[in-house]
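Reader: Hi! I'm new to this one, could you walk me through what's inside?
Author: Happy to, let's bring it up first.

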Amino acid sequence: MSSKGKLPKLVVFDLDYTLWPFWVDTHVTPPFRKSNGKVVDMTGATIRFYPEVPQVLQKLSDMNIPIGVASRTSEIQGAKQLCELFDWNKYFKYKEIYPGSKVAHFTQFKKYTGFEFEDMLFFDDEERNIRDLNKIHVTSILVRNGVSLKVLEEGLKSFSDKK
């Protein structure tokens, strides 16, 4: 992975259809739990994330780039529970999980970190969120089939090319 260019000071991910292939508020049934080493929902269905997500999070961690999540879900507890059960909280320094605009989420990130919007990189599957955040100069990457190492690399390159 190239790190020759300018790196973001904060990388933020959406959850639904970005880190996992479902909407946590409609496609699965909280509460979630671990069963035989798997994360399952209330019905016993196995809950999976996109295959390369752990490598993506580890890669950013190895690069010493803080990571945040921004989700508009109304299933706040379920989303937080999955982050915990997937053991991702060791990566996520910032979490903004509640309904509303992604601009509100990023305004909070800016407040916590002191970083400018221009210093943030964001991955999401929804064009409306990408549009909203591009307006405030957050480098925003549209994710089509979940986050992968390739998507991360493309995002880092896009961020670097803007600088």
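This is a predicted model: local features need pLDDT of at least 70, side-chain atom pairs count only at pLDDT 80 or more; totals for chains, interfaces and linings use all residues.

Author: Below we talk through the core, a strand, a helix, some aromatic rings and one serine.

Reader: Ok! Which residues touch the most other members in the largest nonpolar core?
Author: Those are Phe13, Leu19, Trp20, Leu82, Phe92 and Phe123, out of 38 residues in that core. A nonpolar core here is a set of buried Ala, Val, Leu, Ile, Met, Phe, Trp, Tyr and Cys residues joined through side-chain atoms within 4.5 Å. Buried means under 20% relative accessible area, exposed over 50%, and partly exposed in between, using a 1.4 Å probe and protein chains only.

Reader: And which helices and strands supply at least two residues of this core?
Author: The strands are β1 (10-13), β4 (67-71), β5 (92-97) and β6 (120-124), and the helices are α1 (53-62), α2 (76-85) and α5 (149-162). Helices (H or I, at least four residues) and strands (E, at least two) are DSSP runs, numbered from the N terminus. Apart from this core lies another, of 12 residues, among them Ala70, Phe106, Phe109 and Met120.

Reader: What does Leu19 touch?
Author: Leaving out residues up to four places away in sequence, Leu19 touches Phe13, Asp14, Phe49, Tyr50, Val53, Val69, Trp88, Phe92 and Val147. Contact means heavy atoms within 4.5 Å.

Reader: Back to β1: which strands is β1 joined to?
Author: Four bridges join β1 to β6, and three join β1 to β4. Two strands pair if DSSP finds at least two bridges between them. β1 runs parallel to β6 and also parallel to β4. Val12 stands opposite Phe122 in β6, while Val11 is opposite Ile67 in β4.

Reader: What about the faces of β1?
Author: Both are covered: Leu10 and Val12 are buried on one side, and Val11 and Phe13 are buried on the other.

Reader: Switching to α1, which residues are buried there?
Author: Val53, Val56, Leu57 and Leu60. They cover an arc of only 95° around the axis, so they sit on the same side of α1; the arc is that of the directions from the helix axis to the C-beta atoms. Their cover includes β1, β4, β5 and α5.

Reader: Nice. How many aromatic pairs are there?
Author: The count is 13. Rings of Phe, Tyr and Trp (its six-membered ring) pair if their centres lie within 6.5 Å; planes under 30 degrees apart count as stacked, over 60 as edge-to-face and the rest as tilted. Phe13 and Phe123 are a stacked pair, 5.2 Å centre to centre with 15° between the planes. Phe13 lies in strand β1 and Phe123 in strand β6, so the pair ties together parts that are 110 residues apart in sequence.

Reader: And how are Trp88 and Phe92 arranged?
Author: They are edge-to-face, 6.2 Å centre to centre with 75° between the planes. Trp88 and Phe92 also belong to one aromatic cluster with Trp20, Phe22, Phe49 and Phe86.

Reader: Last one: is Ser71 buried or exposed?
Author: Ser71, in strand β4, counts as buried at 1% relative accessibility. Leaving aside neighbours within four places in sequence, Ser71 is in contact with Asp14, Leu15, Glu96, Ile97, Tyr98, Lys102 and His105.

Methods. Residues are numbered from 1 along each chain as its sequence is written. Side-chain values use heavy atoms; hydrogens and water are left out.
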